Amino acid sequence: MPNSSSISEFLLLALADTRQLQLLHFWLLLGIYLAALLGNGLISTAVACHHRLHTPMYFFLLNLALLDLGCISTTLPKAMANALWDTRHISYAVCVAQIFRAVLRMPSEQGWHKAFSTCLPHLAVVSLFLSTGMVAYLKPPSISSPALDLVVSFLYSVVPPVMNPLIYSMRNKELKDALWKLMAKCVLKSVSFPTFSI
């Protein structure tokens, strides 16, 4: 009889050993996740709702926001669940889905000169993304440690989706104007003024 086995799940590196630290990590990850959802959701809504933003540049910003939402939505909810329920398992199918999303998230070569001249913060996020990826995959085994791997993977997968909405909304006047109009419209719809009949 041949020796065979199949992999159905993986064991993940724990963020913390004590329950208090696990709960603290859950709340921190939840705050980061909600900030990323809010920022990328606002950018997506503003680009989709305002006709002035229906240009190729904003089409790419919309795609970046949607990719960021997909990327962070495959990693952080599982990390939060692991911290909250004190588990460390991930199924093979979920792991493959996360790897697939990570491959989709890699930046392509496009307009480096224009990006450098107009969006230095964007280059900082891309540099962080690439440098942490290089550290994760090219570091010598002699300096490998679980804590370093955890920090590098966190920077690699969480920081860019959280920072991109801040960078693009703060550096772009048209997008800021569209977001303010969108928020004003939502506030005015939620506030109803009473009418009096005489």
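Reader: How do you know that the span of helix 2 agrees with its number of residues?

Author: In this predicted model, helix 2 has 30 residues, 56-85, and at 1.5 Å a residue they should span 44 Å. The C-alpha atoms at its ends are 43 Å apart, so the two values agree.

Reader: Where in helix 2 does the kink lie?

Author: The kink lies at S73, shortly before the proline P77, and is about 30 degrees. Just after helix 2 comes D86, with a positive phi of about 55 degrees.

Reader: Why is helix 1 called roughly perpendicular to helix 8?

Author: Helix 1 (residues 19-49) packs against helix 8 (residues 173-190) at about 90 degrees, their axes being 9 Å apart. Angles of 65 to 115 degrees count as roughly perpendicular, so the term applies to this pair.

Reader: What makes up the contact of helix 1 with helix 8?

Author: L42, I43, T45, A46 and V47 of helix 1 meet L175, A178, L179 and L182 of helix 8. Eight of the residues in this contact are nonpolar, one is polar and none is charged.

Reader: What makes the meeting of K173 and D177 a salt bridge?

Author: The N to O separation of their side chains is 3.1 Å, and the cut-off is 4 Å, so the pair qualifies. The whole structure has one salt bridge. K173 and D177 are four residues apart in helix 8, so about one helical turn separates them.

Conventions
Residues numbered from 1 in each chain as written. Predicted model: local features only at pLDDT ≥ 70, side-chain atom pairs only at ≥ 80, totals over all residues. Heavy atoms only, no water. Helix = DSSP H or I, 4+ residues; strand = E, 2+ residues; numbered from the N terminus. Expected span 1.5 Å × (residues − 1). Bend = angle between axes of the 7 residues up to and from the residue. Axes fitted to C-alpha atoms, helices over the stretch in contact; angles between N-to-C directions. Parallel < 35°, antiparallel > 145°, perpendicular 65-115°, else oblique. Contact = heavy atoms within 4.5 Å. Nonpolar A, V, L, I, M, F, W, Y, C, P; charged D, E, K, R; others polar.
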